[in-house]
Amino acid sequence: MIEHAVRAAQKNFHIFPCHPAGTMRDGRPIDKEPLVPWGDVATTDLDRIIGWWTRWPKANIGISCKQSGLLVVDCDVYKKPWHLKGTASEWIHDLYGPHVDGEDCFRAISERVGADWAETRDTYRVQTTRMGLHLYYRWPSQIRASQASPVRGLLDVRTNGGRHGGYVLAAGSATQAGPYQCEADLPIRECPPWLVALVQEKPRTPPVSTPMDYTGPADYTGLVQTVRMAPEGNRNQALLWAARCMCADGASEAECESVLTGPAQAAGLTEREIQSTVRSAYRLQSQKG
């Protein structure tokens, strides 16, 4: 594996070791997990790299996208042919039928913005397990990216979003599902402007102030306070619960949004997340009857 690690470093990829293929913990594979605190130590230094792979000769190779100045678009393969039904991405089924994969999605998005797909694809590429694909681009360091998936389950991105950014496994690595192989050893192209616009972090909508002592047709003060004070990791669930309560109380969906949008934004949710969660809450509550 060391020759693949050295080759990655020579491409100026900042790398670190991950668990070897087939490594298990508590009955689950961990062959994509780092062996070191990768966000702080990923490097191109050959002495350190040789030291790591001398210690762990079969270790997989992780690439820190933030430190390497990369955007990697991860095109996955479909797991269920119906999983886009009822989502904002359902239009892709109209183009490619029920068996959609991440590369289909990426091509469709590229063509929708008027880009040349052959040109978009003309960059360094790695075939991942189960016929997935990684496409590498140079990311402008002055622009903060999001780690949000453009099409959940099929199209992911790894770049400089979050504290450490994201990482991917390099060519030469392998998991229980299969190997990572270089499909096209091409120069890494600059990230197209339309892709930068798609991936860059969007500014949060400024919170709308909602009085803590809200009183409307019904007194929803408790719901408002619960949503406003919800901690990160529980914000969507708190909003879902509050919206279902309002639905059960007879409030309209529009009224629910007007009451809960302010506190949900104060808790850190975006307007899009709020609207989606409220719709889900009303659908679930209606099904409950």
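Good morning. On a 1 Å grid over the protein atoms alone, a pocket is an open set of points where a 1.4 Å probe fits, with protein on both sides within 12 Å along at least five of seven lines; lining residues have an atom within 4 Å of a point. This is a predicted model, in which local features need pLDDT of at least 70 and side-chain atom pairs count only at pLDDT 80 or more, while totals for chains, interfaces and linings use all residues. Residues are numbered from 1 along each chain as its sequence is written, and side-chain values use heavy atoms, with hydrogens and water left out.

I begin with the second largest pocket. Its space is about 640 Å³, a volume being the space filled by probe spheres set on the grid points. Of its 25 lining residues, Lys32, Asp74, Asp76, Thr129 and Tyr180 lie nearest the centre. Strand 9 gives the largest share of this lining, three residues.

Strands here are DSSP runs (E, at least two residues), and helices are runs of H or I (at least four residues). Three strands form this open sheet, in the order 1-4-9, with antiparallel pairing; two strands pair if DSSP finds at least two bridges between them. Strand 1 (15-18) and strand 9 are the edge strands, each pairing on one side only. Four bridges join strand 1 to strand 4 (residues 60-64), and isoleucine 15 has isoleucine 63 of strand 4 as its bridge partner.

Finally, I turn to helix 10. Which residue follows helix 10, and is its phi positive or negative? The residue is glycine 250, with a positive phi near 100°.
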